[in-house]
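Please look through the points below with the model open beside you. They are meant to be read in order, and each one takes up a single topic.

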Amino acid sequence: QVQLVESGGGLVQAGGSLRLSCAASGRTFSLYAMGWFRQAPGKEREFVAGINRSGGRTNIADSVKGRFTISRDNTKNTVSLQMNGLKPEDTAVYYCAGDRSPSIGVPTTAADMYDYWGQGTQVTVSS
């Protein structure tokens, strides 16, 4: 079992930056691919970024490509999402998630393939 706790959300003006972090419990963090998803009010949860177990392969949604970067530190059991050039449409609750499948390829974008979820952190971008 893995518990995930997000932090780093907040209110920022358009064009600003935030760095989200997700801390994982347990000793098997390096066995999980990790992803970030977001959900805006009235919308479905959408994939934002993913990173494989080693950190060597990432997958970034087109809507945030060039602005967001995902990284992980397996020695600290953390995964981070650096968000630059934020836009009002980035406003959402952001969730980190863990995928325990043995794949070492590009992380999946499908939310139902992730096994563990954090409680979410709110990101609000004002115009």
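**Notes on the predicted model**

1. In this predicted model, the count of salt bridges comes to five.

2. R38 counts as buried because its relative accessibility is 5%, under the 20% cut-off, whereas E46, at 34%, counts as partly exposed.

3. The side chains of D90 and R67 also meet in a salt bridge, at 2.7 Å from N to O. Because D90 lies in the loop between β8 and β9 and R67 in the loop between β6 and β7, this pair ties together parts that are 23 residues apart in sequence. D90 is buried, with a relative accessible area of 1%, and R67, at 13%, counts as buried too. R38, E46, R67 and D90 are linked in a network of salt bridges.

4. A further salt bridge joins the side chains of D62 and K65, at 3.2 Å from N to O, and here both residues are exposed.

5. The model has one disulfide, which joins C22 to C96 with an S to S distance of 2.0 Å. It links distant parts of the chain, since C22 sits in strand β3 and C96 in strand β9, 74 residues apart; both cysteines are buried.

6. The largest nonpolar core has 34 residues, of which W36, L81, M83 and Y94 touch the most other members. Among the elements that give two or more residues to this core are β3, β8 and β9. Leaving aside neighbours within four places in sequence, M83 is in contact with residues including L18, L20, F68, Y94 and V123.

Key. Residues numbered from 1 in each chain as written. Predicted model: local features only at pLDDT ≥ 70, side-chain atom pairs only at ≥ 80, totals over all residues. Heavy atoms only, no water. Disulfide = S-S within 2.5 Å. Helix = DSSP H or I, 4+ residues; strand = E, 2+ residues; numbered from the N terminus. Buried < 20%, exposed > 50% of the residue type's maximum accessible area, 1.4 Å probe, protein only. Core = buried A, V, L, I, M, F, W, Y, C linked by side-chain atoms within 4.5 Å. Contact = heavy atoms within 4.5 Å. Salt bridge = Lys/Arg side-chain N within 4 Å of Asp/Glu carboxyl O.
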